[in-house]
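Please look through the sequence and the model below before reading on.

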Amino acid sequence: VRAGGGDVAAIREAAGVVPGEPMTGVDPRQVAEAVAALPSVASAEVHRSWPGTVAVSVTPRELALAVPAVGGGWLAVGPDGVVVEQRDEVPPGLAGLGGFEVRGAPGDELPGELRPAAAVAGALGPGLVDRLVHLELGDATTVLALLGDGGAVVFDGGATPAELSAAAAAALAVLETVPSGCTDRLDVTSSQTPVLRRSAAC
């Protein structure tokens, strides 16, 4: 087995292909499904190359949100709300979630009420993540991105990934025009019409 794009040892184990096994006994579809079931894998492709090679290519699952874990540490979660791994510290480049502790392990899904935060985190990009303290949940699917210089950006965590990406781009465009500390509330639940409320001092 030749594996690429992730944890090679885990991929080989999940693939379950025994060295020396006849190639005719390897079902590429079954192997791909087994590998794609790994928490760290978003998708997998498997190809047989005669006379004796099974090549597995994977797309790693994106990390988006860090959620405090019960008992300590952080759960690194994908935009789809699946726990990918557990870390002692917040992984670089991830938004953190405030106000919750979650019990979970790689492969588990976040509780439904937390998934809007994962969806928003997956759309933020480094330009916004670098400005954040953390994310908090509002009413229904509303997610608040608390800014390091004060104020918050309001997202609709129930929007589609494309809509959230547009909202994040709109938020960053507005924030880049506002002096530091002057944003009280920036509502981008409609990316076409962002609504900015400046802080009283500005």
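A disulfide is taken here as a pair of cysteine sulfur atoms within 2.5 Å, and by this rule the count comes to one. This is a predicted model, in which local features need pLDDT of at least 70 and side-chain atom pairs count only at pLDDT 80 or more, while totals for chains, interfaces and linings use all residues. Residues are numbered from 1 along each chain as its sequence is written, and side-chain values use heavy atoms, with hydrogens and water left out.

**The disulfide**

- Cysteine 182 and cysteine 202 are joined, with an S to S distance of 1.9 Å.
- Cysteine 182 lies in the loop between helix H5 (161-175) and strand S11 (183-187), and cysteine 202 in the segment after strand S12 (195-198), so the pair ties together parts that are 20 residues apart in sequence.
- Helices (H or I, at least four residues) and strands (E, at least two) are DSSP runs, numbered from the N terminus.
- The torsion about the S-S bond of cysteine 182 and cysteine 202 is about -75 degrees, so the disulfide is left-handed.
- Cysteine 182 is buried at 7% relative accessibility, whereas cysteine 202, at 46%, is partly exposed (buried means under 20% relative accessible area, exposed over 50%, partly exposed in between, with a 1.4 Å probe and protein chains only).

**The sheet**

- Four strands form an open sheet with mixed pairing, in the order S6-S5-S4-S7, where two strands pair if DSSP finds at least two bridges between them.
- Strand S6 (83-87) and strand S7 (95-96) are the edge strands, each pairing on one side only.
- Strand S4 (residues 65-68) pairs with S7 in the parallel sense over two bridges, and alanine 66 has glycine 96 as its bridge partner in S7.
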